[in-house]
Amino acid sequence: MSAHIANGRLVVWLTLFIGMMFQIMPLPTMVEAWRPDWLLMVLVYWAMALPHRYSILTAWILGVLLDVLLGATLGIRSLALSLVIYIVVLLCQRLRNYPRWQQSLVIAGLICIYHALIFWVQFVVVGAAPFDFSMFLPAISSLFIWWWVFWILRNMRRRYKVR
Amino acid sequence: MKPIFVRGVSNQFRLTLAILLSVALLVANDRLDPIRQSLSSVLSPLQYLANVPGVILDWSAEAFATRNMLEVQNKELLRQQLVMSERLQRFEHVRQENERLRALLGSPVHMDSRKVVAEVMEVASDPFRQFVVLNHGSQTGVYVGQPVVDAQGVVGQVIEVSEFTSRVLMVSDSTHGIPVRVTRNDVRAIANGTGDIDQIELRHVAKSTDIIAGDLLVTSGLGNRFPEGYPVARVISVSRDDGQSYAVINAQPLAALDRIRYVLLIWPDETKPFTLPANLIGVSTEASVNGVPQAQAEQSQATQGNTTPAATDADNPAIQNVNQALTTPTTQSNSNEVNR
């Protein structure tokens with residue numbers, strides 16, 4: 001039993017770090033604005049599937065690490081991620097039963113909230129930055145990628161019996 | 001069977017805790033540099049890992065380049081090298097002349113500083129900030145505030161150093177300012193980033209100031225952060241609107257900030273031995289006396305006849321005297337610098 005738990009934990013953290021890696025991978029400037037929020041999607045999946053094990057504080061820790069990696073003011077992404085994951089935890093029973101397309105719409109909405117939060121905190125902490133709708137472009141790309149992320153992660157969860 | 005109602009701390013409590021911790025981090029951000037540094041050292045393998053696909057793409061592009069492409073590239077590089085080396089020959093002569101003149105005036109001689117080529121590993125995916133991550137860190141001796149340039153001009157300065165990586169704030173970031181000078185008439189100004197990658201602006205410049213579109217802005221060396229004379233930007237528009245208190249001057253950075261791959265890290269304080277003036281000026285001029293006329297002799301041989309350029313300071317006893325006389329004042333000025 002404990003071996004199973006340890007195994008599951010390894011799988012979850014591995015997927016989270018792979019998500020983080022995709023999040024910071026260098027992309028051509030043209031595609032940059034469209035980068036899907038990999039880490040957020042992976043976190044949302046685990047919070048949806050196992051809300052009693054991976055939820056707000058996991059999101060907080062990963063948010064701090066992401067802030068360090070991106071060189072942003074510490075605390076910006078941890079705040080945004082934990083708020084978004086809180087919403088997911090509240091909705092998790094419903095989200096699980098939604099059809100896939102409806103799930104991805106909710107995810108897109110969550111990503112909009114996430115970016116708006118980041119913009120807002122950045123505005124307060126760092127100073128004036130022009131409001132630009134292009135910051136919501138990741139919501140659109142994530143809309144299409146969620147399907148695949150969900151599929152891969154669910155298969156991994158079943159395969160490795162993560163509970 | 002997973003429990004539907006889980007005992008333990010409630011989600012509201014966790015959220016409150018997370019928010020409080022985040023706010024604490026936001027407030028204490030400026031004092032957390034040691035933690036940030038050690039965390040980013042720990043996480044740097046992840047950055048290297050994230051860089052792998054790009055490296056593989058580059059490698060495969062090189063590996064599968066056709067013979068024809070390589071030939072074209074080679075020809076182009078040879079041509080460039082020829083042009084550059086011709087320019088370098090003249091430059092070497094001018095550099096020595098300049099050093100001697102500066103020494104005559106008693107001002108400190110310009111030094112050649114240590115440089116290291118670094119590769120860009122990561123570009124900010126944050127639309128509000130503009131920086132890049134380089135593959136050199138405190139192991140190489142990179143320090144916070146270090147100037148970074150590329151082949152065309154100034155890129156920015158290092159703002160954060162971990163063990164194997166460092167983060168460079170680019171001149172176009174809205175929190176970056178750099179002291180500049182117009183090459184045409186030595187007008188000084190400060191160039192601030194705008195947050196737009198191909199635009200920086202000169203703020204608080206009086207409307208009567210003589211700056212026109214097309215002016216070249218170079219670092220002024222004031223502020224002791226960037227060494228003097230590196231090109232920064234070219235002025236693209238100047239508007240003197242009566243409604244504004246100052247002239248609105250926009251410039252375009254010369255460094256290709258949106259497509260940099262390789263940059264140079266500069267150590268302005270670490271100098272190469274051949275430019276150390278104290279006691280060594282005699283030696284260094286001897287070295288250059290031995291070196292340069294040879295090169296010029298070769299050049300004159302190549303050009304057939306026209307031997308006048310070979311007659312440089314080696315044949316001119318007056319200049320050698322001047323060189324020897326110079327040893328003392330420069331030593332003094334140097335010791336002054338050390339004392340300061």
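This is a predicted model: local features need pLDDT of at least 70, side-chain atom pairs count only at pLDDT 80 or more; totals for chains, interfaces and linings use all residues.
**Exercise 1.** Describe which residues of H4(A) and H5(A) meet, and sort the contact by class.

*Solution.* On the side of H4(A), the residues taking part include Ile56(A), Trp60(A), Gly63(A) and Asp67(A), while H5(A) brings, among them, Ile76(A), Arg77(A), Leu81(A) and Val89(A). Sorted by class, this contact of H4(A) with H5(A) holds twelve nonpolar, three polar and two charged residues.

**Exercise 2.** Compare the record with the model for residues 68-92 and residues 135-153 of chain A.

*Solution.* The unreviewed UniProt entry annotates several stretches of chain A as "transmembrane region", including these two. In the model, residues 68-92 of chain A are 80% helix and 0% strand, with end C-alpha atoms 29 Å apart. Residues 135-153 of chain A are 89% helix and 0% strand, and there the end C-alpha atoms lie 26 Å apart.

**Exercise 3.** Characterise the contact between chain A and chain B, looking at the side of chain B.

*Solution.* The contact draws 38 residues from chain B and 37 residues from chain A. Helix H1 (11-28), helix H2 (33-63) and strand S1 (113-123) of chain B each supply at least two residues of its side, and H2(B) gives the most, with eleven residues. By class, that side of chain B has 21 nonpolar, nine polar and eight charged residues.

Notes:
Residues are numbered from 1 along each chain as its sequence is written. Chains are lettered from A and ligands numbered from 1 in the order in which they are written. Two residues are in contact if their C-beta atoms, placed from the backbone, lie within 7 Å. Helices (H or I, at least four residues) and strands (E, at least two) are DSSP runs, numbered from the N terminus. Ala, Val, Leu, Ile, Met, Phe, Trp, Tyr, Cys and Pro count as nonpolar, Asp, Glu, Lys and Arg as charged, and the others, Gly among them, as polar. UniProt positions are given in the numbering used here, feature names are shortened, and annotations may be inferred rather than shown by experiment.
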